[in-house]
Amino acid sequence: MSRKVALTGASGFIGQTIAQRLCQAGMKVRALVRTSKDIPGLHHPDISLIHGSLENTESLNRLLEGCTGIIHCAGAIRGSRREDFVPTNVQGVSQLLTVCLSQPSPPRFVHLSSLAAREPSLSPYAWSKHEGERVIRQQAESLPWIILRPPAVYGPLDTALLPLFKLAKQGIGLQLGPQEGRFSLLHVQDLADLVVSCLEEHCPNSSVYEVDDGTPGGYSWESVFRLINPDMKIRLPIPLKFLWLIGKSNEIMARGFGYSPLFSTGKVTELRHQNWVSDSLKARQELRWTPQIPLEEGLRHLFASDSLNLSNRI
Ligand SMILES: NC(=O)c1ccc[n+]([C@@H]2O[C@H](COP(=O)([O-])OP(=O)(O)OC[C@H]3O[C@@H](n4cnc5c(N)ncnc54)[C@H](OP(=O)(O)O)[C@@H]3O)[C@@H](O)[C@H]2O)c1
């Protein structure tokens, strides 16, 4: 009989890819979704939609019915103050853990944190991801858990990095971080493969893993631009003051119009941090996972017209 796995954040950029990858691995997926909109990435006979949210215990109980594992991918990534992130990234984790622990057979808990959790003082988002991890360490009791800390993730459906990559492809390189800053990257398919590995019996429990695409020392903005467009004509290092002004204006507009900003002053502080390099050696050794998609190849597929078929190739 196929294994049943629960997935939160299934409607999101990373969640949709994970849902498809779990199905490819022969699992039945119970996917938590808040929206009533149709999500083409979740059209699959082995995916059952459970409508609800992290705030709703009844829907979480339905989500976990008969599941031997849960991938917790739901997260708030937009906002400007701690209180914008706490309900999902801290209280949501706690609520989900409580429901997991109340199951007759508690499932293995795989948590999508972020490399940002390494630097909680940088922004409200980073702090909330750090707090989410703390909640797991304190509250998980006998529940087997793994925390993954991905760096910036790219791939089809991404709304954060993809616009920058597209602009670079057209010859304009907007450098948002410091010249000497370095960062790791990971293709969303590699992350989805890793998540599937985390459900295996051989995986250690109660461990935190940083992950990356296996490039030692990560990338500079310059090296990414060179890969996207070797003939790039315009490189624009954006001054910190200007970025901060945009972040601040966005926050004020967001408050006025009642939306959650993706680009905030907190995001600026994250972007200006010099070291976002992760090291996936521990993950590769202990989780028996090897990233398969070097940046050059990931970018080629991203820009190719059949980029959405990448999942079929791997
Ligand atoms: N993208 C990256 O580069 C990156 C890097 C490191 C870590 N991460 C982490 O990976 C996870 C997924 O990120 P993403 O980029 O895929 O973001 P995303 O596209 O915004 O997806 C977030 C998902 O979480 C759901 N969600 C948010 N609050 C929820 C709540 N209270 N109850 C139920 N569902 C809720 C959203 O549902 P709706 O569709 O209804 O809003 C959506 O499905 C997050 O935890 C993020 O912190 C992302």
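Which residues of helix H7 (residues 221-228) are buried? I start there, bearing in mind that this is a predicted model.

1. Buried residues of H7. In helix H7, the buried residues are Trp221, Val224, Phe225 and Ile228. They sit on the same side of H7, because the arc they cover around the axis is only 100°.

2. The H8 and H9 pair. Two packed helices are described by the angle between their axes and the distance between the axes. For helix H8 (residues 240-257) and helix H9 (residues 265-272), the angle is about 150° and the axes are 8 Å apart. H8 and H9 are therefore roughly antiparallel to each other, as angles over 145 degrees count as such.

3. Their contact. From H8 come Leu240, Leu243, Trp244, Gly247, Lys248 and Glu251, which meet Thr265, Lys267, Val268 and Arg272 of H9. By class, the contact of H8 with H9 has 4 nonpolar, 2 polar and 4 charged residues.

4. The ligand shell. Around the ligand there are 25 residues, of which Gly9, Gly12, Ile14, Ser53 and Gly75 come nearest. The shell divides into 12 nonpolar, 11 polar and 2 charged residues.

5. Where the shell comes from. At least two residues each are supplied by helix H1 (13-24), helix H3 (82-101) and strand E7 (152-154). H1 gives the most, with 3 residues.

Technical notes. Residues numbered from 1 in each chain as written. Predicted model: local features only at pLDDT ≥ 70, side-chain atom pairs only at ≥ 80, totals over all residues. Buried ≥ 20, exposed ≤ 12 C-beta atoms within 10 Å, placed from the backbone. Helix = DSSP H or I, 4+ residues; strand = E, 2+ residues; numbered from the N terminus. Arc of directions from axis to C-beta. Axes fitted to C-alpha atoms, helices over the stretch in contact; angles between N-to-C directions. Parallel < 35°, antiparallel > 145°, perpendicular 65-115°, else oblique. Contact = placed C-beta atoms within 7 Å. Nonpolar A, V, L, I, M, F, W, Y, C, P; charged D, E, K, R; others polar. Near = placed C-beta within 6 Å.
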